[in-house]
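Hello,

I am handing this structure over to you. Please have a look at it before reading on; the notes below say what was found.

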Amino acid sequence: MSKDSAAAWPHDRNRPTFTPAPGGGLELAPSALDVRNLTIAYADGHVGVRDLSLELRRNSVTAIIGPSGCGKSTALRAFNRMNELIPGTTTSGKVLFHGIDIYDPAVDAVQVRKRIGMVFQKPNPFPKSIYENIAWGARLNGWTGDMDELVESSLKQAALWDEVKDKLKRSAYALSGGQQQRLCIARALALTPEILLMDEPTSALDPLSTAKIEALLDGLKAKYTIIIVTHNMQQAGRVSDMTAFLLTGDLVEYAPTRQLFVTPRDERTERYISGRFG
Amino acid sequence: MTERTRLSEAFADLDGKLALMAAKAEESLLKAQHALATQDAGLAKEVKRADAEIDALQLEIEDLAAVAIATQQPVARDLRMLVAAFKVAADFERAADHAVHLAKATATFAGQPRMRSLDRLSAMAETGAKMIRGTAEAFTRRSAELARQAAAMDDFIDGEHKALTAEVLAMMRERPEEAEKAAKLLRTSGYLERLGDHMTNACEDIVFMVEGVHVELNA
């Protein structure tokens, strides 16, 4: 990363890009991510996402739904440049974060992933203690503050602290699946991201653990912007403020969740969400 | 396209029960009208008895819709239809209650000479019956157009109610001794006017069910 672009990259979340408000004051741009004409193709030529444009609202939960293979996970991975890890994938279009295209050659993908974190479908804790699962990544990313405090606050934000505070030195593998997933959320939060991407974060969990994570999302959105890919339409209805429906790589409808689930505008959305697709 | 068998069955069941409920409410209203016109006290009693069946049908419809919501997780048009079923059934139930009110007026006007105001009540009831039928048809055919047509009939009922009110007020001034009958006429006319409003509300719910937009009909 060049010196200039490093200066332009919004490192300090207290110093985000501001736009002048109509009244002359300053206000935060309403969208956390501004996706423009994003097209992603795999090595075999298959287009995963076609000409996707959408503005993802700050401090809200956006759900991306659609049948298997519709491109929802591909789109999610594009939001923090994870598709680059798949050889042969090509990406065109822009993903603007604080006005900067995260695909700009001058932007460092590691910095992107630090500010835009990802939680995966299956909990994937490190084979380390609960404490180290959080401390390790933070230390690698240059955290120099009070580590105990960071571990505690991250676990509290992920609603896991009360369950693990007396066994922080125990292996993360000793936790239940639901606890492991909340640990992964805590680990992502410890890097103080602005945006949290979640790829079917509850599909491997039982209903009780799922309910805990869903309740967690509602609290987290005050501080973070959350984008969740889910197969579970009831979950999208329960947790999200906005919903995007993708079909064979195309964005069919993007609307406030309550509107999309009660009065969808597109017949394809209607058929999919009411279980009449296929 | 995959069909959702259980949900489709529930909808067919709901359509049948709502159509039956509407048919009974329409029948009650026409019987009450006939009872009033012919001073048939026996017919008026029948109307009262039928009301229990209509109430029972409303509960059946509510149970069916509640079970479909709880077990089928309906969204979009499916959900709007189940919500409309609850509301339309409640409006049919109220319509049937107003038929009973009309039937109860029979005793008050027994042996009375023919009055213009009674003819107006009769005309209002006839139009109300058409509105009930039209509303049920709009629901079962998922037709916003039929709902708008049914709701449009409310103007006639409102007009008759207004004219009857003026006539009865004049009658009260001219023959104060008939105040009790006048009050009954006004109340009964008010019930039929409410019946028209209930059907209009039901039609608005049907338009939302079909088109997904809230409308106010006959505003």
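**Aromatic pairs**

A:Trp136 is partly exposed, at a relative accessible area of 34% (buried is under 20%, exposed over 50%, partly exposed in between, with a 1.4 Å probe and protein chains only). This is a predicted model, in which local features need pLDDT of at least 70 and side-chain atom pairs count only at pLDDT 80 or more, while totals for chains, interfaces and linings use all residues. Residues are numbered from 1 along each chain as its sequence is written, chains are lettered from A and ligands numbered from 1 in the order in which they are written, and side-chain values use heavy atoms, leaving out hydrogens and water.

Over all chains, the whole structure holds two aromatic pairs (rings of Phe, Tyr and Trp, the last by its six-membered ring, with centres within 6.5 Å; planes under 30 degrees apart are stacked, over 60 edge-to-face, the rest tilted). A:Trp136 pairs edge-to-face with A:Phe126, at 4.9 Å centre to centre and 80° between the planes. A:Phe126 sits in the loop between E8 and H4 of chain A and A:Trp136 in helix H4 of chain A, ten residues apart (helices, H or I with at least four residues, and strands, E with at least two, are DSSP runs numbered from the N terminus). A:Phe126 is partly exposed, at 24% relative accessibility.

The other pair, A:Phe245 and A:Tyr272, is stacked, with 5.0 Å between centres and 15° between the planes. It joins strand E11 (residues 242-247) to helix H11 (residues 267-273) of chain A, and the two residues are 27 residues apart. A:Phe245 is buried at 0% relative accessibility, and A:Tyr272 is buried at 9%.

**Largest pocket**

The largest pocket has a volume of about 430 Å³. A pocket here is an open set of points on a 1 Å grid over the protein atoms alone, with protein on both sides within 12 Å along at least five of seven lines; lining residues have an atom within 4 Å of a point. Points are joined across faces, edges and corners, and the volume is the space filled by probe spheres set on them. Of the 22 lining residues, A:Met118, A:Phe126, A:Arg187, A:Ala188 and A:Leu191 are the closest to the centre. H4(A) gives the most to the lining, with five residues.

**Cysteines**

The whole structure has zero disulfides over all chains (pairs of cysteine sulfur atoms within 2.5 Å). A:Cys70 is buried at 1% relative accessible area, and A:Cys184 is buried at 3%.

Regards

Definitions and conventions
1 Å grid on protein atoms, 1.4 Å probe; cavity = no way out; pocket = protein on both sides within 12 Å on 5 of 7 lines; lining within 4 Å.
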